[in-house]
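Subject: Structure for your review

Dear colleague,

Please find below the structure that I am handing over to you. My notes on what was found in it come after it.

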Amino acid sequence: MSAAGISKRYGTLLANDNIDLDLHPAEIHALLGENGAGKSTLVKAMYGLIQPSGGELRWMGQKIVLSGPSQARALGIGMVFQHFSLFENLTVAENVALGLPSTESFAAIVETLAETARIYGLPLHPHREVWQLSVGERQRIEIVRTLMQNPKLLILDEPTAVLTPQEAEQLFIVLDRLRDEGRAVLYISHKLEEVKRLCNTATILRAGKKVAACDPRHETAASLARMMVGAEIGEVKMASASAASAPRLVVHKLSLEPDDPHGTRLNDVSLAVTGGEIVGIAGVAGNGQDELFAALTGERLSPEPGAVMIDGAAVGTLGVTARRRLGAAFVPEERLGHGAAPRMKLSENALLTGHAASGMVKYGFIDHAATLAAVDRTTKAFDVRKAKRDPEAASLSGGNLQKFVVGREILREPGILVVSQPTWGVDAGAAATIRQALIDLAGRGAAVLVISQDLDEIEEIADRVAVMFRGNLSAPLRAAEATREALGLLMGGAAADAPQGRRETQHAVGA
Amino acid sequence: MQLVLERRAERSAIIAIASPLIAIALTLVTVAVLFEIMGKSPITALSVYFIEPLTDPFSLQEIAVKATPLVMIAIGLSLCYIANIWNIGAEGQFIVGAVCGSWLAVRTNGTGIGPWVLPVMLLLGALGGALYGLIPALCRVYFGASEILTSLMLVYVGNLGMDYLVRGPWRDPHGLNFPTTAEFDRVATVPTLFVGAGRLHAGSVIALVVVMLATVLLGRMIMGFEIRLVGAAPKAARFSGFSTDRLVLFTFAVSGALAGLAGIIEVAGPIGHLDPGLSSGYGFTAIIVAFLGRLNPIGILFAGLFVALTFIGGETAQITMKVSPDFTKVFQGILLFYVLACDSLIIYRVRLIQSVRKPAHAA
């Protein structure tokens, strides 16, 4: 497939400006660029989701106009999106069947599904319902669903953003295999090491234009980053080690039954984060991180008030608003729908967490000027790029929305910040900004807890690291002791495999 | 060539305003076709429906009288619907409010008691509607029962309860056995605005105040934000610290109170006594009004007036053109259908795409 001179204009914004791209069989081609560089727009055009304003697509040398994704699929183009399109209440097999032409029987589809999953080493249980599955498992559904259509070209939009190192490694094996089978793969990623390891060629976009084409194996991660950003990326600087103060966030013997039957039970979780430090919680998705986050925010209440303490106050039975008033701030993993309301303006999304303690509400009335001011401050401090002053949250690119959601909390100067997957699906430049902001916040005396599946990230910013496995939290390791091997063992349950751990085996979510 | 719906990056503000107007236009075309099929002149019929009532001062007042309960109920319902909470039982809350307020009027009938009676009746009406609305809300919060079904079924309970009262204990002893209470005393009646000239009453002023309060609530108050957020993104609302359960109780209580207030105003105003013909389905028609008004208080005001116009026009058409009164219901049903259909245009845009020749070697 090749794209010649593709342009796409959204109002005054030129998202793609005359881009050429050639994809060849048996080749993994990387598409690199910062958020908002136009990568998603380009692949959407190649998948028939949007119509380009100019230029043309050629498939095996012939000019084509794609009327929609179903036509793209019929030609042999498959795509795995960054945001999954799965029905939560349906099973894996039902979701897969929905995406396929309805000529096959359901039983046959289940069989092909199991077969495909087995061949490519992507374990999946066809009859589990999607809402029970972790992000990593959901991605497997998307990949298997696409592979079942036997695509000649497979487009993957930031597939490893949600995977553990081991899961990512498995995915690379799958991709290598697809290439060896003679398929073309278009691989969008921010992780430059990954691109160097995997891809034969790369196209780099910046501000809607193609700025370079290269062989990533002959480049360094730094030179690739330079081409993407157009400037050097600042190294994340550690704050000078601040003197340990009293614990500001304490979790004490927290046990909590899951609120859905397939969730993970929290077992006797204890943890203390002092002011001035960043504690990382590593672990494979679905081992109780979501449950822990909900217990910390107050979206789920604990049975004992003393199970969660904020600056000495027992808040286990208090709700989100009360905890925010005590100086806590939270950033959930899911930007759209949890951290922000997609179809509401940014100023309203500022109010979403700011109504509790930021002076945005007086006598029940909203101070619109204050909410807009918060948007402007966040935009400025975190370089949030958007088309107008106060757009809907859903119109921002993933990285820019994440900068907004994190910035919104950090600018409140919280004493305690709990953040889940702070740089999920965010480009290198934005990730560096966010991590630096977390470190600076800790440097100013706040207690920061980072829940992340990205070990690189935890290594980069955490002073201490604990690992979650099947609802148990390991004792934290100092950063120096937290080698990849040590963490990897804990993530696999080595130390936590006490008798208690075994009893939970049946209950726990399979990773 | 092929038509596809493409998701818009942002909601279109222009279409949001135009969509109800497009819906009205499509309804008029459809109705004109129906008239043609029925062998009536569409032009005459539409002018009887929509032009004549607007040229006569008495009809104009009647439109406002009809619109008053519709607007009040629809405002309450819109608060529920914005939050994705489905109160379908406004008709029941309307009736129970009317019954609760009438209780005082019936008890004090003929005693020549003071002017405090009417305000207390209005209060009782609102309270009765609110409590009746809280039944399905509590069932949902504590037992997980679908509020759609329970609120709808409670309509029939309320209706039959009222029927029993007016045929039994509350029946007017001098009413020749008709199922109705005695005419309310003057102190128990909502005063008309222009003495001796039409039925326009003080209730319409209350409806206007309700519209203004709702505008402030939704646009400027944190409670309004909570309502919108729970509807737009429930998980984000939970993260924001808002409780859906609390909101279910609040919106049901408010919409029940408004429906109940509308009920007692209707009884103590234009009707003057309680009888089984008290409602012509206001509680259900208000659902159409709420959506036609795009769940926006000002929009609902205009939508209420428009739907009231179809009622009045329908009555005229029934008299002058022998059109069945059911036609008004058909009319309103078609309208709701088009309103909901046109709403997709706000989130999606329609695009025409050229079909493509399949490449010869495609698998």
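The notes below begin with chain A as a whole, continue with one sheet, and end with individual residues.

Please bear in mind that this is a predicted model. Chain A has an average pLDDT of 83, and 90% of its residues reach at least 70. Among the elements of chain A, strand β19 (residues 416–420) has the highest mean pLDDT, 95, whereas helix α17 (residues 499–503) has the lowest, 39. Over residues 496–511 of chain A the pLDDT stays under 50, and for this stretch the model has 23 contacts beyond four places in sequence. Where pLDDT is low, the predicted coordinates should not be read in detail.

Overall architecture of chain A

Chain A contains 17 helices and 23 strands. Its radius of gyration is 23 Å, close to the 24 Å that the globule rule gives for 511 residues, so chain A is as compact as a globular protein of that length. Along the principal axes, the C-alpha atoms of chain A fill a box of roughly 70 × 55 × 45 Å. Of the 511 residues in chain A, 51% count as buried. Among contacts in chain A with a separation of 6 or more, 68% are between residues 24 or more positions apart.

The chain is divided into three parts: domain 1 (2–229), domain 2 (237–327 + 416–511) and domain 3 (336–413) of chain A. Between domain 1 and domain 3 of chain A, the C-alpha centres lie 31 Å apart.

A four-stranded sheet in chain A

Strands of a sheet pair through backbone hydrogen bonds, either parallel or antiparallel. In chain A, four strands form an open sheet in the order β12-β11-β14-β15, with antiparallel pairing. Strands β12 (266–274) and β15 (313–314) of chain A are its edges, each pairing on one side only. Strand β14 (residues 308–310) of chain A is joined to β15(A) by two bridges, and the two strands run antiparallel. Here I310(A) stands opposite A313(A) in β15(A). Helix α9 (residues 289–297) of chain A lies across β11 (247–256), β12 and β14 of chain A, and runs at about 60° to β12(A).

Individual residues

Most residues other than glycine have a negative phi, and most peptide bonds are trans. Which value does phi of K253(A) take? It is near 45°, a positive value in a residue other than glycine. K253(A) is found in strand β11 of chain A, and K253(A) counts as exposed because it has 11 C-beta neighbours inside 10 Å.

Phi of Q421(A) is likewise near 45°, again a positive value in a residue other than glycine. Q421(A) is placed in the loop between β19 and α14 (428–443) of chain A. Is Q421(A) buried or exposed? With 25 other C-beta atoms within 10 Å, Q421(A) is buried.

In chain B, S146(B) lies in the loop between α6 (117–143) and α7 (147–167). S146(B) is exposed, since 12 other C-beta atoms lie within 10 Å. S146(B) and I85(B) are 61 residues apart in sequence, while their C-alpha atoms are 9.9 Å apart in space.

With kind regards

Terms used: Residues numbered from 1 in each chain as written. Chains lettered and ligands numbered in written order. Predicted model: local features only at pLDDT ≥ 70, side-chain atom pairs only at ≥ 80, totals over all residues. Pairing = 2+ DSSP bridges. Contact = placed C-beta atoms within 7 Å. Axes fitted to C-alpha atoms, helices over the stretch in contact; angles between N-to-C directions. Rg over C-alpha atoms; globule rule 2.2 N^0.38 Å. Buried ≥ 20, exposed ≤ 12 C-beta atoms within 10 Å, placed from the backbone. Domains from an automatic or database assignment. pLDDT = per-residue confidence, 0-100.
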